[in-house]
Amino acid sequence: MQRTDVNTLGEFGLIEHLTKDFPIRQPSTIKGVGDDAAVIDNGGLCTVVSTDMLVEGIHFDLAYVPLKHLGYKSVVVNLSDIYAMNAFPRQITVSIAISNRYSVEALDELYAGIRAACDAYGVDLVGGDTSSSPRGMIISITAIGQCEKEKLVYRSGARPGDLICITGDLGGAYLGLQLLEREKRIWQENPDVQPDLESQKYAVGRQLKPEARKDMIETFRKDGLKPTAMIDISDGLASDLFHICKQSKVGALVEESGVPIHQEAQLLALKFKLDPITCALNGGEDYELLFTIDPTDVDKVKYLPDIYIAGEILEAKDGIKLNTKGGNLHDLKAQGWVHF
Ligand code: ADP
Ligand code: MG
């Protein structure tokens, strides 16, 4: 028997490998594996489904993540995938596996966060599953959304000449994580020292309490704008742009000067001796939207707050490039997160 280490495939290679021999049999399955969410045609509205799993020690560290924030964020990251289809989430299911380390009070905290997210985004908790785990906690959430078929936006619709747009700002969540990791190390070496995170509320907030861009999808509807392609930025701008380019069979040119980075993220990056643009390109967990629009729609986004035009879609043969502030053209590399 051959034994192949999962590391040789990487996360996306592994998903492709595991799912390649599953044909779509049902005419109602419009989109299977490969986008932010699957799409099911119910004749009328389409149902949009997305699942994410969070594992203690891999995706979260309870040394610095309060359980209430963990509950909130677990829901938000799923809703973000539904919005990334230009759809609206309606229901969630929540499955947990927990070791006996967790008390009812601890789980109440987790669910207080889940409830806060349900309140904020107007979704219903409709089910789930509960199991014990030999150690640590695993949370798996499924979000179910709705959308008219003709309004759905996939990763595959970008065309050469389209403009690349980004909402909000990038890099903050990654820098918040660096900060929390540093404070954890300091605390481990000297438990008497209380962490000072007050002065870094912005980055810590981006890491611990991200929001999904429901407001943007509402704005698109109001202004009659339909992006040609869209993805949420969970792994970092570079990695997520790669997904759009791969699925759309196009290339891209990103202008460094067009990538939105919050001033506090800039300052924090320099403190950590990191390049702010690297944090924005490869940091991830910002849960902003990366989308492309037809150039004739530029007036619809130009005056909207919190949307930045960061480049242009090219032909596939032109590759995926970054034009730096200094005027140098680099190949963009999709690093993203390495889980394995
Ligand atoms: P996202 O980062 O948007 O949550 P992922 O990278 O997790 O997306 O997943 C990419 C695609 O692969 C999605 O369509 C997802 O449903 C699918 N997928 C991920 N893991 C598996 C798996 N173990 N089996 C089947 N499909 C999977
Ligand atoms: Mg996604």
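So, a polar contact here is a pair of N or O atoms within 3.5 Å; within protein, one must be able to donate a hydrogen and the other to accept it, and residues adjacent in sequence count only if both atoms are side-chain atoms. Keep that in mind for ligand 1, where an oxygen atom sits 2.7 Å from a polar backbone atom of glycine 34.

Quick housekeeping. This is a predicted model, so local features need pLDDT of at least 70 and side-chain atom pairs count only at pLDDT 80 or more, while totals for chains, interfaces and linings use all residues. Residues are numbered from 1 along each chain as its sequence is written, chains are lettered from A and ligands numbered from 1 in the order in which they are written, and side-chain values use heavy atoms, with hydrogens and water left out.

Who else is around it? The surrounding residues include Phe12, Ile15, Thr19, Arg155 and Ser234, where being near means having a heavy atom within 4 Å. Helix α1, residues 10–19, gives the largest share of that shell, with three residues. Helices (H or I, at least four residues) and strands (E, at least two) are DSSP runs, by the way, numbered from the N terminus.

Now the metal. Which residues hold the magnesium ion, ligand 2? The protein donors are Asp36, Asp81 and Asp232, each through OD, at 2.0 to 2.1 Å. Donors are N, O and S atoms within 2.8 Å of the metal (3.2 Å for Na, K and Ca), and water is not among the atoms, so sites may look incomplete. In sequence the spacing reads D-x44-D-x150-D. Aspartate 81 is in helix α2 (residues 67–83) and aspartate 232 in strand β8 (residues 229–232), so the pair ties together parts 151 residues apart in sequence. Both aspartate 81 and aspartate 232 are buried; buried means under 20% relative accessible area, exposed over 50%, partly exposed in between (1.4 Å probe, protein chains only).

Let's stay with α2. Of its 17 residues, 15 are buried, so the helix is largely enclosed by the rest of the structure. At 1.5 Å a residue it should span 24 Å, and its end C-alpha atoms are 25 Å apart, which agrees. The expected span is 1.5 Å times one less than the number of residues.

Most residues other than glycine have a negative phi. Asparagine 86 isn't a glycine, yet its phi is positive, about 70°. It lies in the loop between α2 and β4 (88–98). Is asparagine 86 buried or exposed? Buried, at 2% relative accessibility. Lysine 249 also has a positive phi, about 55°, and is found in the loop between α7 (237–248) and β9 (250–255). That lysine is exposed, at 68%.

Last stop: aspartate 162, in the loop between β6 (137–148) and β7 (163–167). Aspartate 162 is buried at 2% relative accessible area, and its side chain makes a polar contact of 2.7 Å with the side chain of threonine 228.
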